[in-house]
Each structure stands twice: as C-alpha cells, then as structure tokens.
Amino acid sequence: MLIPALTNHGSQCGVDSRYLLAMKTPLGTKHVAILATDGFEQSELEQPLQALEKAGAKVSIISPQAGEIQGVHHDEKGDTFATDIRLDLADPEDFDALVLPGGLANPDSLRALPEAVAFVRDFGLRGKPIAAICHGPWLLIEAGLVEGRRLTSWPAIQTDVRNAGGDWVDEEVVVDGQLITSRQPEDLPAFNQKMIEVFAQGEGEPMGAGAVPPQDG
C-alpha cells in the first residue's frame with residue numbers, strides 16, 4: 001500500500017487532540033524535513049508526520065532515493081511511503097526543523113552515507129530543532145551532535161550514545177535545548193507533544209562541541 005506524502009494522514013497522530021486544538025496551528029509557518037530510507041519504523045514516521053501536519057507545518061520526506069520507501073512494523077513489512085525530495089537535492093536552509101525516525105535498518109543505512117550525515121549535522125550546527133526517536137540518534141552520533149547533550153534512545157544503543165559523549169537517560173522523552181529524543185513507539189504521544197513545542201520555538205544554540213554555525217551563501 002502506497003501512502004502519499006503531504007496529505008491528511010488521518011486522526012491517529014499519537015498526540016492529544018485537545019492539546020493541538022488549544023495550540024491551533026503553532027507550526028503554520030514551518031517547513032519540516034523527515035529524513036528516512038527503507039526499513040524505517042512506520043509509526044515513528046507516520047505519527048510525527050500526522051502531528052506536524054495537524055499543527056500546520058509543511059512536511060517533506062527526504063530520502064536518498066526518489067519514489068517510495070518501505071516502512072516496517074518491527075520485523076514485519078509495513079506500508080510504502082512516497083518521498084518528496086531526493087537527499088542530494090535537499091538544502092537544510094530550506095527547512096526549519098528535522099525529524100529522524102528509527103527502525104534498525106533505516107538509520108543504520110543513513111549513517112553510512114556522508115550526504116545524510118552532513119544533512120543532519122547542518123541542522124545541528126545551525127541550532128535548528130531536531131527530533132530523533134529509537135535508533136534515530138545513531139545519526140546524531142555520526143554527525144557529532146551528542147557530546148555534552150542529555151538524551152535518550154532505544155536502550156540497546158545507550159553505550160553508543162555514552163561513548164560519543166552523551167548523557168543517556170531512560171525517559172520517555174528528553175528535551176535538551178533544540179534536541180528532542182525518545183526511546184520507542186510507545187513514547188510517541190510524549191515525543192510528538194514536545195516536538196511541536198520545541199519546533200514552534202525555532203532555532204536555538206548550535207549543537208555539537210565547539211559547533212560553529214555554517215555561513216550561508
């Protein structure tokens with residue numbers, strides 16, 4: 001089943017609808033990138049995407065390949081989702097925030113691609129908000145953005161986070177400046193709520209030890 005991007009993806013978005021109603025459309029001027037490839041955990045892409053659209057954001061799925069990407073439900077094949085922009089054509093300057101879904105294969109493949117790592121690093125160096133869940137923080141590690149940061153992830157990669165200088169904690173959602181992290185699909189309601197709050201705030205301090213924001217132009 002092909003799921004088209006940038007449409008109304010339904011009401012089950014893993015965030016309290018009363019909260020969204022109260023906030024109305026706090027992300028009405030925001031353009032958010034979701035970076036993913038084959039093997040992403042479907043709920044960790046689909047539910048944040050739905051929550052962001054309900055909050056008024058424009059959302060684009062960025063992927064190394066054009067066409068569609070394959071989601072999974074843990075070990076079972078899920079739906080395919082249409083991508084919006086090929087990674088080599090995507091410019092971090094055009095986006096206000098970034099979402100990194102998990103799944104095992106998805107971030108493992110992306111962290112091996114220099115262009116994907118550079119894309120993530122650029123958001124961090126600019127102080128743009130990044131929300132990462134499950135194995136998504138593998139990309140933060142590869143991009144050099146976790147040193148000195150308090151964050152969480154899928155528990156199996158906590159040693160990777162600590163070895164990269166991060167302060168790993170076992171909590172459903174952790175916010176450190178413009179970085180939002182969660183452990184697993186069950187954390188999505190809290191993850192989505194904090195994601196919307198932080199994305200609405202906009203840019204903050206650059207991430208990464210000794211980070212210097214890139215010069216535009």
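**Reading the model step by step**

Analyst: Let's start with the surface: the protein chain exposes about 9,200 Å², and carbon and sulfur atoms supply 47% of that. Accessible areas here come from the Shrake-Rupley method with a 1.4 Å probe, and for residues only the protein chains shown count as cover. Keep in mind that this is a predicted model, where local features need pLDDT of at least 70, side-chain atom pairs count only at pLDDT 80 or more, and totals for chains, interfaces and linings use all residues. Residues are numbered from 1 along each chain as its sequence is written, and side-chain values use heavy atoms, with hydrogens and water left out.

User: What share of the residues in the protein chain is buried?

Analyst: First the cut-offs: buried means under 20% relative accessible area, exposed means over 50%, and partly exposed is in between (1.4 Å probe, protein chains only). In this chain of 217 residues, buried ones make up 54%.

User: And how many helices and strands are there?

Analyst: Helices (H or I, at least four residues) and strands (E, at least two) are DSSP runs, numbered from the N terminus. This protein chain has 7 helices and 13 strands. Of the contacts with a separation of 6 or more, 71% are between residues 24 or more positions apart.

User: Is helix 2 mostly covered or mostly open?

Analyst: Mostly covered, with 10 of its 13 residues buried. Among them are Leu-45, Pro-48, Leu-49 and Leu-52, along with Gln-42 and Glu-44. In helix 7, the buried residues include Phe-191, Met-195, Ile-196 and Phe-199.

User: What covers the buried residues of helix 4?

Analyst: Those buried residues include Phe-119, Val-120, Phe-123 and Leu-125. Their cover includes strand 2 (31–35), strand 4 (58–63), strand 8 (97–100), helix 3 (105–110), strand 9 and helix 5.

User: Which residue with a positive phi follows each of these helices?

Analyst: Helix 2 is followed by Gly-56, with phi near 100°. After helix 4 comes Gly-127, near 75°, and after helix 7 comes Gly-202, near 85°.

User: Which residues other than glycine have a positive phi?

Analyst: Here are two. His-74 has phi near 60° and sits in the loop between strand 5 (68–73) and strand 6 (76–82). Cys-134 has phi of about 65° and lies in the loop between strand 9 (130–133) and helix 5 (137–142).

User: Why is one of them called exposed and the other buried?

Analyst: His-74 counts as exposed because its relative accessible area is 56%. Cys-134 counts as buried because its relative accessibility is 6%.

User: What about Lys-128: where is it, and what does it contact?

Analyst: Lys-128 is in the loop between helix 4 (114–125) and strand 9, and it counts as buried at 4% relative accessibility. Leaving aside neighbours within four places in sequence, its contacts include Pro-92, Glu-93, Asp-96, Gln-178 and Met-207. Phe-95 is also in contact with Lys-128; the two are 33 residues apart in sequence and 8.7 Å apart in space, C-alpha to C-alpha.

User: Last one: how do I read a pocket?

Analyst: Rolling a probe the size of a water molecule over the atoms shows where empty space is left. On a 1 Å grid over the protein atoms alone, a pocket is an open set of points where a 1.4 Å probe fits, with protein on both sides within 12 Å along at least five of seven lines; lining residues have an atom within 4 Å of a point. Here the largest pocket has a volume of about 190 Å³, which is the space filled by probe spheres set on the points, joined across faces, edges and corners. Its lining has 13 residues, with Glu-41, His-74, Gly-103, Leu-104 and His-135 nearest its centre. By class, the lining has 6 nonpolar, 4 polar and 3 charged residues. Ala, Val, Leu, Ile, Met, Phe, Trp, Tyr, Cys and Pro count as nonpolar, Asp, Glu, Lys and Arg as charged, and the others, Gly among them, as polar.

Note on methods
Contact = heavy atoms within 4.5 Å.
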